[in-house]
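Please look at the sequence and the model together while reading.

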Amino acid sequence: MSWNSIENAAATLKKQDVSKKTAFITGGNTGFGYLASKILLLAGAKVIIGCRSESRAKEAVEKLKEETKNENISYLLVDVSSPMSIDACVEKIKSEKIQFDVLVNNAGISLVPEYRQAVTGYELTFQTNFLGPAYLTKCLLDYIVKVSCEPRVVFVNSCTYPKGHPTEISKEHLMPTKEDYGQFTSYFRSKYCITSHCLTMARKHPECHFVVCDPGTAATSIARDFGCLGWLQSTRFMKWLHPADRGAINIAFCAMAQETAKTGVIVYEEKEQEPTKEVVDKEEQDKVFQITEELMEEGKKHAQEKK
């Protein structure tokens with residue numbers, strides 16, 4: 001079985017019969033999310049893409065239908081930087097009994113040149129890449145376990161996550177502030193926290209399968225709008241050097257491949273990776289998890305008060 005191209009990855013998954021499975025992929029209208037959706041659709045699976053914009057979601061859905069000849073593609077509106085948007089999405093899923101087996105927390109941003117706040121009052125990258133996906137997963141976990149016989153949650157991280165380890169595990173040191181903000185440090189911190197959170201969820205919730213997916217460095221539009229470094233990341237040269245296909249293949253692999261049978265693992269290029277000793281420390285994991293719970297609650301309250 002081969003995972004060296006989109007077509008071969010889809011063929012491999014098709015042999016594993018994923019036709020009865022559905023994945024909900026946030027940020028599925030572009031970049032890694034779009035290509036991972038394409039792979040799963042080519043394999044015969046069903047896909048729901050999450051997107052902030054209805055027009056972009058509709059455009060992506062029609063394009064994916066045309067490219068894959070698979071009509072089993074739909075969309076849900078969700079902005080993972082906003083707790084209210086997440087609540088509305090979750091309410092729609094539950095009220096309309098929208099079923100899926102896999103939640104892929106793929107939506108994210110990077111290389112934001114200046115400090116920006118989300119509606120929660122928290123730094124935008126940290127909110128979008130970490131607190132939003134953590135909150136979405138919290139809201140949907142019981143539902144996924146109920147409606148699927150093989151529930152799975154995938155968190156897309158980065159190989160740079162070790163650089164985001166905080167000097168101290170406290171609320172003050174975990175979240176980037178305006179005074180200590182840096183476009184790289186904020187991104188690294190968000191990816192460290194999402195990795196820690198996923199491994200903690202795997203330990204606390206054995207009823208669901210949790211996987212950390214490292215797509216590698218590739219040319220996607222994630223940083224396109226954020227200065228010269230973002231432009232460089234999306235150039236033709238970068239697309240040749242680090243094609244987005246590789247990252248998307250790993251996401252599709254983590255989402256549905258039979259080979260990802262273990263929970264609480266980090267996967268890169270379809271192989272399990274050794275985590276850092278800090279991120280698997282249970283005492284540290286529990287501290288990060290508790291702070292995350294507090295931040296989600298306080299951030300939601302702040303957003304509701306500003307509404």
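How are α1 and α10 oriented to each other, roughly parallel or roughly perpendicular? The axes of helix α1 (residues 6-15) and helix α10 (residues 244-256) come within 10 Å and cross at roughly 10 degrees, and the two helices are therefore roughly parallel. Axes here are lines fitted to C-alpha atoms, for helices over the stretch in contact, with angles from 0 to 180 degrees between N-to-C directions. Angles under 35 degrees count as roughly parallel, over 145 as roughly antiparallel, 65 to 115 as roughly perpendicular and the rest as oblique. Ile-6, Ala-9 and Leu-13 in α1 meet Asp-245, Ile-249, Ala-252 and Met-256 in α10. By class, this contact of α1 with α10 has six nonpolar residues, no polar and one charged.

The model is predicted: local features need pLDDT of at least 70, side-chain atom pairs count only at pLDDT 80 or more, and totals for chains, interfaces and linings use all residues. Residues are numbered from 1 along each chain as its sequence is written, and side-chain values use heavy atoms, with hydrogens and water left out.

**The chain as a whole**

The chain has 11 helices and eight strands; helices (H or I, at least four residues) and strands (E, at least two) are DSSP runs, numbered from the N terminus. Its radius of gyration is 18 Å, close to the 19 Å that the globule rule gives for 307 residues, so the chain is as compact as a globular protein of that length. That radius is taken over C-alpha atoms, and the rule is 2.2 Å times the number of residues to the power 0.38. Of the 307 residues, 57% count as buried, where buried means under 20% relative accessible area, exposed over 50% and partly exposed in between (1.4 Å probe, protein chains only).

The table gives the end-to-end reach of two helices, from first C-alpha to last, beside the expected span, which is 1.5 Å times one less than the number of residues.

| Helix | Length | Reach | Expected |
|---|---|---|---|
| α7 (residues 183-204) | 22 residues | 32 Å | 32 Å |
| α11 | 25 residues | 36 Å | 36 Å |

In α7, 17 of the 22 residues are buried, so this helix is largely enclosed by the rest of the structure. The axes of α7 and helix α11 (residues 282-306) come within 9 Å and cross at roughly 105 degrees; the two are therefore roughly perpendicular. Residues making this contact include Tyr-192, His-197 and Met-201 of α7 and Lys-282, Val-288 and Phe-289 of α11, where contact means heavy atoms within 4.5 Å. The residues of the contact of α7 with α11 divide into five nonpolar, five polar and five charged. In this scheme Ala, Val, Leu, Ile, Met, Phe, Trp, Tyr, Cys and Pro count as nonpolar, Asp, Glu, Lys and Arg as charged, and the others, Gly among them, as polar.

Among the buried residues of α11 are Ile-291, Leu-295 and Ala-303. The elements covering the buried residues of α11 include α4 (83-95), α5, α6 (171-174) and α7. Lys-138 lies in helix α5 (residues 124-147) and is partly exposed, with a relative accessible area of 44%. Not counting residues up to four places away in sequence, Lys-138 touches Glu-293 and Met-296.

**Helix α2**

In helix α2 (residues 31-42), 11 of the 12 residues are buried, so α2 is largely enclosed by the rest of the structure. Its buried residues pack against elements including α1, α3 (54-68) and α10. Just after α2, Gly-44 takes a positive phi of about 100 degrees.
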